[in-house]
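Please keep the model open while reading this note. It is meant to be checked point by point.

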Amino acid sequence: MPTLKEKFGEEVKLSLRQGEKLKCSVLRMLVSAISYAEIAKQKTFTDEEIIGVIAKEIKQRRESIDAYKQANRPELVEKEQQEMEILQSYMPEQMGEAELTLIIKKVISETGASTPQDKGKVMGKLMPLVKGKADGQMVNAIVTALLNN
């Protein structure tokens with residue numbers, strides 16, 4: 001079974017043949033970002049680590065969208081949103097809020113956390129379980145809400 005990086009290489013070729021310029025550009029950028037990250041860590045990434053790179057790229061797009069909205073640049077907002085949608089199509093299916101809340105409650109009980117000061121313990125154990133499967137901001141919000149109750 002091909003790795004995600006190999007899959008992206010094939011998809012670049014396919015999008016080139018089909019004339020999908022934006023998708024080709026995004027995939028080339030993604031392959032490049034993965035290669036840079038691998039060079040920085042001096043190792044070949046697993047699919048989970050590649051998903052982490054994709055999540056980082058999605059986060060960068062979100063930040064760019066916010067900046068472009070503040071600068072009143074709707075054409076750039078649209079481009080970033082399209083790129084983000086392409087990147088999100090390669091992410092694993094995201095957890096729903098109900099499923100995520102159950103996992104968070106389980107981790108809170110396992111760590112014995114009861115106050116907002118225990119948030120670090122909870123997040124440390126929780127993030128490896130949900131990395132790439134849930135939005136970090138949503139995880140943070142749910143943990144904060146549960147620990148404040």
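1. Basis. This is a predicted model; local features need pLDDT of at least 70, side-chain atom pairs count only at pLDDT 80 or more, and totals for chains, interfaces and linings use all residues. Residues are numbered from 1 along each chain as its sequence is written, and side-chain values use heavy atoms, with hydrogens and water left out.

2. Domains. The chain is divided into domain 1 (4-89) and domain 2 (97-148). The bounds come from an automatic or database domain assignment. The C-alpha centres of the two domains lie 27 Å apart.

3. Helix α2. Helices here are DSSP runs (H or I, at least four residues), numbered from the N terminus. α2 has 21 residues and reaches 30 Å from its first C-alpha to its last. That is close to the 30 Å expected at 1.5 Å a residue, where the expected span is 1.5 Å times one less than the number of residues. Its buried residues are Cys 24, Val 26, Leu 27, Leu 30, Ala 33, Ile 34, Ala 37 and Glu 38. Buried means under 20% relative accessible area, exposed over 50%, and partly exposed in between (1.4 Å probe, protein chains only). The cover over the buried residues of α2 includes α1, α3 and α4.

4. Glu 38 and Lys 5. The side chains of Glu 38 and Lys 5 meet in a salt bridge at 2.6 Å, N to O. The term requires a side-chain nitrogen of Lys or Arg within 4 Å of a carboxyl oxygen of Asp or Glu. Glu 38 lies in helix α2 and Lys 5 in helix α1, so the pair ties together parts that are 33 residues apart in sequence. Glu 38 counts as buried at 10% relative accessibility. Lys 5 is partly exposed at 27%.

5. Other salt bridges. How many salt bridges does a search of the whole structure find? The total is 11. Arg 73 and Glu 75 form one of them, at 2.7 Å, N to O. Arg 73 is partly exposed at 38% relative accessibility, and Glu 75 is partly exposed at 45%. Lys 121 pairs with Asp 118, their closest N and O atoms being 3.9 Å apart. Lys 121 is partly exposed, with a relative accessible area of 46%; Asp 118 is buried, with 15%. Salt bridges that share partners also join Glu 57, Arg 61, Lys 79, Glu 80 and Glu 83 into one network.

6. The aromatic pair. The structure holds 1 aromatic pair. Rings of Phe, Tyr and Trp (its six-membered ring) pair if their centres lie within 6.5 Å; planes under 30 degrees apart count as stacked, over 60 as edge-to-face and the rest as tilted. The rings of Phe 8 and Tyr 90 have centres 5.0 Å apart and planes at 90 degrees, so the pair is edge-to-face. Phe 8 lies in helix α1 and Tyr 90 in the loop between α4 (74-88) and α5, so the pair ties together parts that are 82 residues apart in sequence. Phe 8 is buried at 0% relative accessibility. Tyr 90 is buried at 10%.

7. Glu 11. Is Glu 11 buried or exposed? Glu 11 counts as buried, at 17% relative accessibility. Glu 11 is found in helix α1 (residues 4-17). Leaving aside neighbours within four places in sequence, Glu 11 is in contact (heavy atoms within 4.5 Å) with Lys 23, Leu 27 and Tyr 90.

8. Helix α7. The 13 residues of helix α7 (residues 136-148) should span 18 Å at 1.5 Å a residue; the end C-alpha atoms are 18 Å apart, which agrees. Val 139, Ile 142, Val 143 and Leu 147 are the buried residues of α7. Seen down the axis, they fall within an arc of 125 degrees, so they line one face of the helix. The arc is that of the directions from the helix axis to the C-beta atoms. These buried residues pack against α5 and α6.

9. Positive phi. Gln 42 is not a glycine, yet has a positive phi of about 55 degrees. Gln 42 follows α2 and is exposed, with a relative accessible area of 72%. Asn 72, in the loop between α3 and α4, also has a positive phi, near 55 degrees. Asn 72 is exposed at 64% relative accessibility.

How values were computed: Helix = DSSP H or I, 4+ residues; strand = E, 2+ residues; numbered from the N terminus.
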